[in-house]
Amino acid sequence: MNQCLSPACVFEQFKKINTIPRPSKHEEKIIAFLKDFGEQRRLETVVDEVGNVLIRKPASKGYEDKPTVILQSHMDMVCEKLPSTIIDFTTDPIQTYIDGDWMKARGTTLGADDGIGCAMQLAILAGDYEHGPLECVFTRDEETGLTGAMGMESSFMTGDMLINLDSEDEGQIFVSCAGGITTTATFVYKREEAPKNFFFMKATLQGLTGGHSGDDINKKRANAIKLLARFLYSQQEKRDIRIAYFNSGRMHNAIPRDGEVVFAVPFADKDNVMIDWNIITSEYNDEFHVTEPGMQYRMESCDAVPVMPKNTSDSLIRSLQAVDNGIYTMCQDEAISWLVETSSNVASVKTTDTETTIVASQRSNVMSNLRNMANTIKACFQLAGAQVKQSDGYPAWKMNPDSHLTAVTVETYKRLFGKEPQVLGIHAGLECGLFSERYPNLDMVSIGPTMRGVHSPDEKLLIPTVQMVWNHLLEILKSV
């Protein structure tokens, strides 16, 4: 990584972080690093039972009477890669490079979500800056279950104000977020041999844009699962079709960007299936000609394998055709009518020898509609005969119209940059929602540098905005 990157102190810490494996639910190495980081500097360092790390730093001289401010980010990262990239996320570092004003990774997610937030905290802990008492909190497993925030005791943090460093647009100050629920449907079966004279084929879809299932759900990006399901349903209407394997997607909070399905049809139908595949993929090209320029697809013959029973195969296809995906409703309030209120993303399909599991994530900043959306997804799979489970979910973070921290954050931004920032809600889950439950009086905002393509191998960080957010953060700490 180029050491001339500015601010050097932040990028120096980001470079260190990206050498440490930190997949969600496998954060042991980064926890050990953070603990050692604090203890080496003789700062009070605490690791709670679930693995959250808190490092306290006393106020700088002259700021002892300032209120305690919490800086917070999550230590884990989404581990997505291109199919051609060879990497073991549990042992290998992230390989970064510079492309103009952007920092990117070679064939993988960059880890700036939320490694750059962690890096800013470490830079402040290691440096000499003007601030009141600080609590730097690093939560674990934000991306796959919010385990750290959910398991945090209400006595862990003591500050009255919290700055979350997990947002993705410089100049935007987030003051509310969506809540979420994950729905998991499982079809259990005993495999059987395909009928005689059936021909086996494999349909593959690759090169979709993907992205964050909250922040990017309104950008008309194709979902690999839904496109493959559309094709399978079109065939089911015409001929007997038996699924052997359907695999697509990896993370519950990412729009699936590739997938493949192995299926069998009567030998006499194989040429017509290929014709239909060429027609429907041409339609996909037209439908997503702006958002999916890199879409790639392939149909080929393959070896015979045992298949799902016909009733299971049919039910799986119908449920994936029917299940809601994308925006359900937009916000009613005129001031934020541009913001997605409620949505669902069909995130992954995984097939083993005995079962197929579908994971879908629902989001909303209106909790009653979140439950309604989750029940809609649940009912669809129940009608298809699947076993359905749902997570407890996490709450939305409601805007505080009397927030002192928001006022300071806005005023310091105007003072630094001579323009008004945007004060917004976000259709993604932030840990602030859970903090608001355990710490009902906690005053919070969320800021961060500009990123694009998060939760996908296209993730990139706009380098100049890191300096802007860094300057803004230091000004907030002086002024709060």
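The model is a predicted one, in which local features need pLDDT of at least 70 and side-chain atom pairs count only at pLDDT 80 or more, while totals for chains, interfaces and linings use all residues. Side-chain values use heavy atoms, with hydrogens and water left out, and residues are numbered from 1 along each chain as its sequence is written.

Glu 28 forms a salt bridge (a side-chain nitrogen of Lys or Arg within 4 Å of a carboxyl oxygen of Asp or Glu) with Arg 140, the closest N and O atoms being 3.8 Å apart. This pair joins helix α2, which holds Glu 28, to the loop between β6 and α4, which holds Arg 140, across 112 residues; helices (H or I, at least four residues) and strands (E, at least two) are DSSP runs numbered from the N terminus. Arg 140 is buried, at 14% relative accessibility.

A salt bridge also connects Asp 141 with Lys 25, with the closest N and O atoms 2.6 Å apart. Here the loop between β6 (134-139) and α4 (147-151) is linked to the loop between α1 (8-17) and α2 (28-40), the two residues being 116 residues apart. Asp 141 is buried at 2% relative accessibility, whereas Lys 25 is partly exposed at 44%.

Within strand β6, Glu 135 pairs with Arg 56 of strand β2 (residues 53-57), so that parts 79 residues apart in sequence are tied together.

Note on methods:
Buried means under 20% relative accessible area, exposed over 50%, partly exposed in between (1.4 Å probe, protein chains only).
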